Amino acid sequence: MIEVKQAAKSYGKLNVLRDISLKIETGEFVGIIGPNGSGKSTLLNLISGIEEPDQGEISLAGQPITSFSRKSLSQRLAVLQQDGLPSISYPVREVIEMGRFPFQDWRGREKGGNADDLLNQIMNRLELQELAGRPLSVLSGGQRQRVALGKVMAQQPEVLLLDEPTTYLDIRYQMQFMDLIASWQREEGLTVVAVMHDLNLASLYCDRLLILSAGKVIAEGTPDEILVPETIEAVFDVKSHTVNHPDTGVPQLLLQKRS
Ligand SMILES: Nc1ncnc2c1ncn2[C@@H]1O[C@H](COP(=O)(O)OP(=O)(O)OP(=O)(O)O)[C@@H](O)[C@H]1O
């Protein structure tokens, strides 16, 4: 469904991405991991059409990403970043409703009637009912991120791009966030591409991991194939052990202190 063909991107003299080719199938949950500055967010920006590659091609459902209008692309693809929403004074429910924007006409009306049922469902699922009338500006960072998730859920995309989305969440909300994405993926066949720094979380949720290092995809495979101590040391210069998760068997990393 998403294909990147020999993409390259530079900023001035800095070659951020070099000769990137990859395919992401419909319904897959793919994690992009790699060191700081290796080009992960830039790759996500190319896939979302926010930026254009200097060379190569990005396509969605067989069509070049550049051939979609902004609105039709927003009906199919949503992006959620680390700090998903600015601290504005709009109330929570209205912000979530903004996710419906790609489906509204210039008067703010939708073809199939209003989306109240969908919005209520999302508010309940994200435990946001109590915050519905509160302005975003008084919420904590973690609460704001849940609202950001609600907004992209309201967008009902086929593809969700996540850029370190759980960085500011405590472990309860990290797990709630990832569980929601995973059940959404299972129920709706959502395709998820997530830049992740937490390798154990990536291993729990992703079908496949890509390692980006110095602007190149240097390895890809299942968490079992990728999260091996030799690879982790080569990429991050950190020694580790791997153990299998007692519930699911997926690999989990135990990091080794240097001293
Ligand atoms: N708009 C820009 N203009 C100039 N340089 C940029 C721009 N965007 C990114 N870069 C540079 O490109 C390189 C890769 O950045 P990118 O944000 O893609 O890395 P990343 O792997 O997502 O990093 P991190 O893990 O730290 O978030 C960095 O050296 C960064 O400074």
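The largest nonpolar core has 63 residues, of which I47, L160, L161, V192 and V193 touch the most other members. Helix α5 (residues 141–154) gives the most to this core, with 6 residues. A nonpolar core is a set of buried Ala, Val, Leu, Ile, Met, Phe, Trp, Tyr and Cys residues joined through C-beta atoms within 7 Å. The model is predicted: local features need pLDDT of at least 70, side-chain atom pairs count only at pLDDT 80 or more, and totals for chains, interfaces and linings use all residues. Residues are numbered from 1 along each chain as its sequence is written.

- Leaving aside residues up to four places away in sequence, I47 touches I2, V4, I58, L161 and V193; contact requires C-beta atoms, placed from the backbone, within 7 Å.
- Because 6 of the 8 residues of α1 are buried, this helix is largely enclosed by the rest of the structure.
- The buried residues of α1 are K40, T42, L43, L44, L46 and I47.
- A residue is buried if 20 or more other C-beta atoms lie within 10 Å of its own, exposed if 12 or fewer, and partly exposed in between, with C-beta atoms placed from the backbone.
- Helices (H or I, at least four residues) and strands (E, at least two) are DSSP runs, numbered from the N terminus.
- Just after α1, G49 adopts a positive phi of about 80°.

**Strand pairing**
- Strand β6 (residues 77–80) is covered on both faces, with L77 and V79 buried on one side and A78 and L80 on the other.
- β6 runs parallel to β7 (residues 159–163), joined by 4 bridges; strands pair if DSSP finds at least two bridges between them.
- L80 stands opposite L162 in β7.
- β9 (residues 208–213) and β10 (residues 216–221) pair in the antiparallel sense over 5 bridges, and S213 stands opposite K216 in β10.
- This β9–β10 hairpin has 2 residues between its strands, and A214 in the turn has a positive phi of about 50°.

Key
Contact = placed C-beta atoms within 7 Å.
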